[in-house]
Structure formats: C-alpha cells, structure tokens
Amino acid sequence: MNLTELGYVAGWRLARALPRPVVAAAFQAGADRAYRRAGGGTSRLRANLRRVVGPEMSEVELDDLVKSGLRSYARYWMEAFRLPSLSREQILGGFRLDGAELLAADVAAGRGAVVALPHAGNWDAAGAWVAATGWPITTVMERLKPEGVYERFIAFRKGLGMEILPTHGGPRPAFDVLLDRVRAGAVVPLLADRDLSARGVEVDFFGAKTRMPAGPALLALHTGAPLYVASMWYEPDAACASLAGPLPVPGPEVGPLDQRVRSLTQMIADRLAAGIADNPQDWHMLQRMWLDQRGSGDAATSAPASGRS
C-alpha cells in the first residue's frame, strides 16, 4: 500500500470514527490552508471561476469565491468519506432532488434515464440516494493510479448500491454495458463537464471552447431514453440537485449521427453552464478546463478529481 492509498484509507476511517463537527472543522481548516498556499489546484480553480463569473466580479470577491469553492470541495470529501457509515434513512435525508418524480416515472416505465452531471456538489451522495430509493443505477469510473486506490473507490461505490464500470479494461466495453442498462430501465448518471479522453465533442462553454464527453448524447440517441442535465449544489443541511429536461433529442432528419451528437452535447453544455453559474462556489473544477488554457501540473489534483469520475 503506497502513501496515496494510505491517505484515502486514513480519511475513510477517521472521518467515520470522529463526530461530524470535529471532522467538518478539520476539513475546512485543510481547505483554508490550501487557499493560503495558492498552489496549482487553487490557481486553476480561480482561473476557472473567473470564466464563470466574468470580468465584472472584483478580485476581492473572487478571492472569497475561491475560498468558498475550496471549502465546498473539502465538504464533498468529508461527506464522501462518511457515506458508508450512514443508514438508509440518513442517506435519503441528506440529499434533495428537484425532479425526482421524473426519474421515478422513467424507472417505473422501464425506459431508464441518462443524467449528465457536473463536477459539483456531491454526486456520490446523489448516487447513494438513487440506490437507497430502490432504483437501479450504473455509472463509469476512470481507472485510477495506483490500482489500490481504484479498487477502494470501486468497493466504496458498490457498497453504496451503485454498479460501477471501468472506463476501459472491463470484460465488455463500458458503453455497450451502459446501453444494456439503460434499455433495462436503469438510471445512468455520467459526469459530463470535462472530457478525459481528448476525443470529446468541442462545445462553447462560458464563452470559450472546451471538449465534453459524447457518452450522454450517444446513449440517449441510441436508446431513446430521456436525457436530463443536473445542477448540483450544497445547502447547509443537505446536498441538492435539480433536473433540467428531458432534452429534445434531435432525430435523423436533423443530420448524421455525429452532427446530432454535437448538437445535443452543446445543449448539455448550455444547461451545465446555467447550473454552475447559479452556484459557482460548488463547482469543483481544479483542473485545466478550456482549450486555450496552457500549462501542465494537473497531477497535483488528478487523484481526487479522478476519484469522482
């Protein structure tokens, strides 16, 4: 077991063993230290949030937003570490979804649903809530390095009731399995605001070009399942989300498949942007995001961010 894996193991154990107020204070203190150090991840978060809020926000206000953003990110990790120790009632009470009746109808009808998510709020709490509600849920996760960390995250999310597929290296291609699960009536949430493959769809996002994964659009186009976009944020007492959609899925008369994928992915980008703009402090994007951003150094935050894939 290497130091990275040891850190995650310690986090899971200590966060579950200590009272929540003690753990919350410790994680907030860690976020404030990261803010004062102004390392690579903090600098990237600041640059990304500047794109969201535009030039009108003062530097002092942006400083406060970055600090709040780091505290929100720390809250995500603190709550994720504590999730396995919560009862079903606590999981259901700790997350609120505006639009839950839409997913309930989709699952009841056996048509499944695809949900495009941002790296915001607490999607692990959302996934645990879906499973605790009794709905089948399948998603994908990037293969982390080291392998021990990846295996622990797989076990963590499976323990919460989610089916987790590796992005590559599984017995079957992940996309083929997702097609089967959607057609069988499952909820399939996919993080959609950042492409990890460098083969994503180019979209306009907060006034600049970036790439986003084609998976959510392709799943909806191939299965006919409803496609939603989630906004995610924190309230003092709960992680929250709301659903926009189902999005209008372009038919064959619009053009070839690649054109329809581009059109639908841009719709996803627009709705993700609207949700992020409403609660920018809860968008946990500490990596390079736009095509015109240059420089490396993403490794400083790659493991935690990848853990949320």
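## Two words to start with

A crossing of two helices is left-handed if the near helix is turned anticlockwise from the far one by less than a right angle, and right-handed if it is turned clockwise. Helices (H or I, at least four residues) and strands (E, at least two) are DSSP runs, numbered from the N terminus.

This is a predicted model, in which local features need pLDDT of at least 70 and side-chain atom pairs count only at pLDDT 80 or more, while totals for chains, interfaces and linings use all residues. Residues are numbered from 1 along each chain as its sequence is written, and side-chain values use heavy atoms, with hydrogens and water left out.

## The chain as a whole

Let's begin with the overall picture. The chain has 12 helices and 9 strands. Of its 309 residues, 52% are buried, where buried means under 20% relative accessible area, exposed means over 50%, and partly exposed is in between (1.4 Å probe, protein chains only).

Among contacts between residues at least 6 apart in sequence, 77% join residues at least 24 apart.

## Helix H4 and its two neighbours

Two packed helices are described by the angle between their axes and the distance between the axes. Here the axes are lines fitted to C-alpha atoms, for helices over the stretch in contact, and angles run from 0 to 180 degrees between N-to-C directions. Helix H2 (residues 20-37) packs against helix H4 (residues 59-82) at an angle of about 140°, with the axes 8 Å apart. H2 and H4 are therefore oblique to each other; angles under 35 degrees count as roughly parallel, over 145 as roughly antiparallel, 65 to 115 as roughly perpendicular and the rest as oblique. The crossing of H2 and H4 is right-handed. The residues of this contact of H2 with H4 divide into 12 nonpolar, 1 polar and 8 charged. For these classes, Ala, Val, Leu, Ile, Met, Phe, Trp, Tyr, Cys and Pro count as nonpolar, Asp, Glu, Lys and Arg as charged, and the others, Gly among them, as polar.

Helix H3 (residues 40-53) also packs with H4, at an angle of about 120° and with the axes 10 Å apart. That makes H3 oblique to H4, and their crossing is right-handed. On the H3 side the contact includes Leu 45, Leu 49 and Val 53, and on the H4 side it includes Leu 62, Val 66 and Leu 70. By class, the contact of H3 with H4 has 7 nonpolar, 2 polar and 4 charged residues.

## Aromatic rings

A pair of aromatic rings is described by the distance of the centres and the angle of the planes. Rings of Phe, Tyr and Trp (its six-membered ring) pair if their centres lie within 6.5 Å; planes under 30 degrees apart count as stacked, over 60 as edge-to-face and the rest as tilted. The structure holds 10 aromatic pairs. One of them joins Trp 77 and Phe 81, a tilted pair with 5.7 Å centre to centre and 40° between the planes.

Why are Trp 77 and Phe 81 separated by about one helical turn? They are 4 residues apart in helix H4, so about one helical turn lies between them. Both Trp 77 and Phe 81 are buried.

## A buried tryptophan

Trp 283 lies in the loop between helix H11 (257-278) and helix H12 (299-306). Is Trp 283 buried or exposed? Its relative accessibility is 1%, so Trp 283 counts as buried. Leaving aside residues up to four places away in sequence, Trp 283 touches several residues, including Leu 45, His 119, Phe 205 and Trp 290. The C-alpha atoms of Trp 283 and Tyr 73 are 8.1 Å apart, although these residues are 210 residues apart along the chain.

Most residues other than glycine have a negative phi, and most peptide bonds are trans. Ala 38, in the loop between H2 and H3, has a positive phi near 55°. At 44% relative accessibility, Ala 38 counts as partly exposed. The peptide bond from Gly 245 to Pro 246 is cis, with omega near 5°, and Pro 246 sits in the loop between strand E9 (238-244) and H11.

Technical notes
Contact = heavy atoms within 4.5 Å.
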